[in-house]
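Please open the model in a viewer and keep the sequence panel at hand. The stops below say what to select in turn and what is found there.

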Amino acid sequence: MLGGGEVVGRLQMSWDELLDHGDEPFDLLFPPVRGVHPSLKLKAAIVHACDDHDDALFDSLADCEIDRDTDAGHAQFAAYVTSETVSRLKRAVKHFQLVLDRCPVSHPDHATALTNLAWARLKGYIRNDLEDIDATTSLFRDALALRPQPHPDHPLSLYNLTEALNWRHDKKSTAADIREAAQLYHELLPLCAEGTYLRSIATGKNGVDYVIGGCNDLPLDASDEGIHLQRVILELCHLGHQLRPRALDELAQAVLARFDQHGSIDDLDMSIQLGREAVSLIPEGHASRDIYLDNLATSLTSRFYHQGKLNDLDEAISFHEEALRLRPVGHQYRNVSLDNLGGVLVDRFRKRDDIDDITRAISLYREALTLCSPGHPHRDTTLNNLALALQIRYEKSKTHVNEDLNEAIELYRESLRLTPLDHTERHATLLNLSMVLCSRFTQTQKNEDVEEAIVLCQQSLEALHSLHPDRHYSYSRLRKAYMSRYRVQHKPADLALAVDNFRLASPHPTHGFPNRIIEAYDWAVAAEQHGDGSVLEAYSTFFELLDAHLATRSSATSRREAAAAFDYARSLPVDAASCAIRHDNLPRAVELVEQGRGQQWSLASRLRTPVEDLESAKPTLARNYLELSKHVSNAAQSSATITDRAAADREATEYRILTRQWEAAVAEIRDVAAFSRFLLPPSYEDLQVAARHGPVIILIASKYSCSAIIVPTSGDLHHIPLPSIALADLKILKERFARAIREAPQMNPRESRTDLIVLSRIIWDQIMLPIVNVLDHVLKLQRRSRIWLCPTAAFTSIPLHAAHPFQTKADRSGKEPCLEDLYICSYTPTLSALIRSRQFMKKRVSPSFVAIGQGQPDAGKGKALLAVDSELELVHKLVPVMANRTTISGDAATRAGALSALEQNTWVHLACHGKQDPKQPYDSHFVMKDEHLTLLDIMEKDIPQAEFAFLSACHTAVGDKETPDEVIHLAAGLQFSGFKSVIGTLWEVEDSVAKHVVEAFYKYMFGDLKDGGVMDCTKAAWALNCATHSVKTKVPLEQRMVFVHIGV
C-alpha cells in the first residue's frame, strides 16, 4: 500500500517481466518530483491460493478485498485532490475506513491503513471540508507507535504526525502542538539523508521552518521545559539558517529570564554568549538589528549588576547608543531605547559620579515619557525609571534638591497605580518608593513615611519566592527603613530588626556578590557606629564575601580590579582587628586582620598549597586536587592575555567550570576529619606557627586606635596600645619621610640627615619603644634574637626597622641602642606568607647562584647604572664556588633570560632598575635589555626550590597605594613564587653606594663557608643587619635604611 496517496507515476510492466526478477528485490524508478527521483523496492513471488486449506483461501480473499478498497480509496482521494469535490473525499474516507476495519492491530498493514485514512482526513481538514482534526492526529500518532526505530517507515510516520500538528496549530494556535512538532522534527531530521524526497519536504517553509517560526512566536518561557524547547529550536537552525539569529535571541531571553528568577551566573553568561552570536549574524542595515543590540545590552547590564565588571556596563552603553540611533524620532520602539539607555547611564553615574550622565538620563526619560501618554502599556516602566533617576540625583547631590525627591515620590505612586498586582516587576517599584519615603522621613521625620516604607518592603517580600535574587533588595531596603527610624527614634527594637535584615541580605545566595559585599560593609559600619554586638560577625561576613567574589576572577589583575571597586572599605581589616581588641578578643583580632589582608596572595597561593600530609593519608584525593589546581592555574594564565570580549566570556565560563570542580575536590578533602580546615581561613592556632622562630609583631593602624599585637612563640598574645600616635599622625609621618628621602640625594654624603634622625626618633618613641619594653621585660627576649614586623595600613609606608632613639644613655656610658642593635628585624606581608615560606623549606636542593645585572637598558628605560658590572663582579667573587655561580648581564640580561635564570637557580642577585607602578602594581617591573620583567611574570612562576633573592634595585618592597594592605610589590612577588628569603628596597637606591652594603652583606652571609658550612638563606636577616651596621661611615643613613629583609 502507498502511504500518502500521491500519484507520482504509473507502472507498465508485464507479468513475465515482473517474474523475471525471481526472488531478488529490485528498484522501480519514477520521473522526478520537486527535484527528487522517487523509487520503490519490489519483490515478486507466486502465491498458490488453490489448495485444500480454507483458512489460507479466506485470508487471500480478505487481502484481495483490502487491496480493492485501498485502490478505490486512493483513486477517489486522487480525484478529490485534483477536483476538490467533497463527495470524492467522503468516498475515499469510507474506503480507507473499511480497510482499517479489516486490519486489526495485529495485522501487518494496520499502520498503513491508519496512515491512508489519516492523510485523507487531513487533506479535508486543510481545505475546510472536514473538521475533526483531533481524531486525524490520533490516527497518525497510532501509526507512529507501530513504527518505532529502526522501522523503515519511522521517519515518514514522524513527518506525518508533524504535518497534523502543524495544521492544527495553524488553525487553533495550540502551543502544545507546535512544541511537540519541534521535538518530532528534532528526531526526524537526522534520519533524513540529504537529497531524499522526505528531507526536501521536511525542511521546506511549511515544514521545519514553520515549526521554528511558531515556537519563536510563543510567549517567553523561562521554565526548564521552555528553555529545553528553545535549545531544540536552535539545533534545528543550522549555521547559515535564516531563522538562526531569532532562535539565538529567543533562547538568550529565556535563560536571562531564568537568571532573573534564580540567579545562576551560568544562565547569564549563556544569555550573553547567545546574544553575541545573534548580533554577529545581523549585519548593519538589518531591520531588526536594534532589537538584538538592545537584548544583548540588557544581558550585559544584568551581569554588571551581578559581578560588578565595569567593562560590561561600558559595552552595554555602546550597544544601547547604537540601538537608539537605529530608532529615530517616530520609530515605534524609540521609547524603549530611551528607557534602556537612560538606565545604563544612571548606573554609570552611580559608579563614576559624572553629572553629565545623570542629566542626560533624566532628559532621555522625560522624552520617553512624552512618547508614553496615558494608556500606553510601558508608561508605568518609564515613570519608575524617571523617578529612580531623580531619586539618585537627590541622594548623590550635595545640595539635596527637594524638588527631585518630591517628584520621584509622585512618579513612583503613579507607576504603582498603573502596574498590575501580578506584574513580575511590581516589587521593584515598591522598593524604590520605600527608599524615597525613607529619604523624606530622614529629612522631615514624619512617621507615616517610614511606616509606609516598611509596609512596601514587606509587600515586596510577599511577591517573591524564597530564593528570588531580588529578595536581597527587599531585605536591604527594609533594614534601611528600620535604621532610618532608629536614628530618629532610638528604639533598640529597630536596631535589632535592622541587624536581622542585614543578616538576611548579606548572604542571600542567588544575588550577585557586589551588592552583598556593600551590604556587609554597611552592616559593619552601622554596628560599629551604634555599638551593636553583631559587629564582628559583620566584619567576618564582609571578608568571606569579598574573598568569594575575588575567587571568581581568573587573573591576578582582574582580582585586584575587583577589590579596588571596594576601595572605601580598605580600612576594614584593621578596623575589624581594632574592634576585636576592644572586645578583649586578641586571637580573633589576629584572625580578622589576617583574613582581611593579603587576599590577592592568599587566593593565588591556594593553588600552590603543599599537600605532603594529604598525599600520605589520601593519595588519590591529593593527586586529583593537584591536577585540578594545575588546570585552574593554566586557565587563569591563559585568560589574562585575552582581549576579545566574546573569547574572554568563553574563558571565564571555562574557568568557572574548572573552579567548581576544584571546589568540589576541596570539599571532598575537608570531609576527611584530619583535613577539615583545608584551605579555610586559618585559626589563631594555625597562625601562631608563624612565630616559631621568633615573635611576630602585628602593627594595626585603624581610625579607632593604633596598637600592636605580639604573637609569641608560645603563650598568650600581648596587646600594646600606642596612645601617642593616631592614624592621622602616621599619614603625616609617611609624608615627612617621603620628603626627607627626596631631599637626601642633594645633600653631602657626610652631612647629618637631621630630618631622618628626627623621624627615626618618633618611630622609636611613639611606636617601637612600647613594643620593645614588652619584648624585653615581659617576653624576656634575648638580644640579637629575631623578630618579624607585620605592618598594616599606614604602617606599611614607614621604615619601622629604622627606629632609633639617637640619644646617649642616662649614665653617659654610651648611646642608647636602636631597634636593630637589639634585634634582627625582618618583615612579613602576612603571617600566612611566613608560614608558607617555612613549609617550602623542606624542599631544599643543591644551591645554584645567579647574578643578573642590567646597567645599560635600551633608550627610554632609565639612566645607565654605571656600577652594575662592578657589583656583579664583586658578588661573583664573594659567592662560594660550591654555589655553581653564573652571571647574566648586558645583552643576555633579557626578560626571557632573567625568567629562565629565576627558574633554574635557588639563589639570585638582581642589580638593575626597579620600578613600582602605584596604579597597576602587577606591572611593577625590573628593567631588562628588551622587555620589562614584571611582577606578574614572576608570580606566574612556581619555583618551590628557590631560596634567596637580593634585589639591588629601587622600590622593590613598596606597596600598592590603592590597596596598601595587600603589599603587592616585587619582593612579595618573589616570595610568593617560592623564594623564602628576600632582600628588597623601600625607595631609590644609589647604585654606587649600594655596592658597599652588597659587599658587606655577602661577606657576612658566606664568611663561615670557608670551613665547609652550608649556604643558609635564614641567615640573610642577620647578615643584612651586620652589613648596615658595618658601613655606617661609608653609606648615608637613607641608603642604609632603604634595605629590608622579608621572609624566613
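**First stop: a helix pair**

Select helix α19 (residues 426-444) and helix α20 (residues 447-462), which pack at an angle of about 160 degrees with their axes 8 Å apart. The pair is therefore roughly antiparallel, a term for angles over 145 degrees. Axes here are lines fitted to C-alpha atoms, for helices over the stretch in contact, and angles run from 0 to 180 degrees between N-to-C directions. Helices are DSSP runs (H or I, at least four residues), numbered from the N terminus.

This is a predicted model, in which local features need pLDDT of at least 70 and side-chain atom pairs count only at pLDDT 80 or more, while totals for chains, interfaces and linings use all residues. Residues are numbered from 1 along each chain as its sequence is written, and side-chain values use heavy atoms, with hydrogens and water left out.

α19 and α20 cross in a left-handed manner: the near helix is turned anticlockwise from the far one by less than a right angle. Ala, Val, Leu, Ile, Met, Phe, Trp, Tyr, Cys and Pro count as nonpolar, Asp, Glu, Lys and Arg as charged, and the others, Gly among them, as polar.

**Second stop: another helix pair**

Move to helix α33 (residues 727-743) and helix α34 (residues 754-778), whose axes lie 9 Å apart at an angle of about 155 degrees. α33 is therefore roughly antiparallel to α34, and their crossing is left-handed. Residues to display include Leu733, Phe737 and Ile741 in α33, with Leu759, Ile763 and Ile767 in α34. The contact of α33 with α34 comprises 11 nonpolar, one polar and three charged residues.

Select Asp575 in helix α26 (residues 572-582). Is Asp575 buried or exposed? Asp575 counts as buried because its relative accessibility is 2%, where buried means under 20% relative accessible area, exposed over 50% and partly exposed in between (1.4 Å probe, protein chains only). Its side chain makes polar contacts of 2.7 Å with the side chains of Ser571 and Ser702. A polar contact is a pair of N or O atoms within 3.5 Å; within protein, one must be able to donate a hydrogen and the other to accept it, and residues adjacent in sequence count only if both atoms are side-chain atoms.

Terms used: Helices (H or I, at least four residues) and strands (E, at least two) are DSSP runs, numbered from the N terminus. Angles under 35 degrees count as roughly parallel, over 145 as roughly antiparallel, 65 to 115 as roughly perpendicular and the rest as oblique. Contact means heavy atoms within 4.5 Å.
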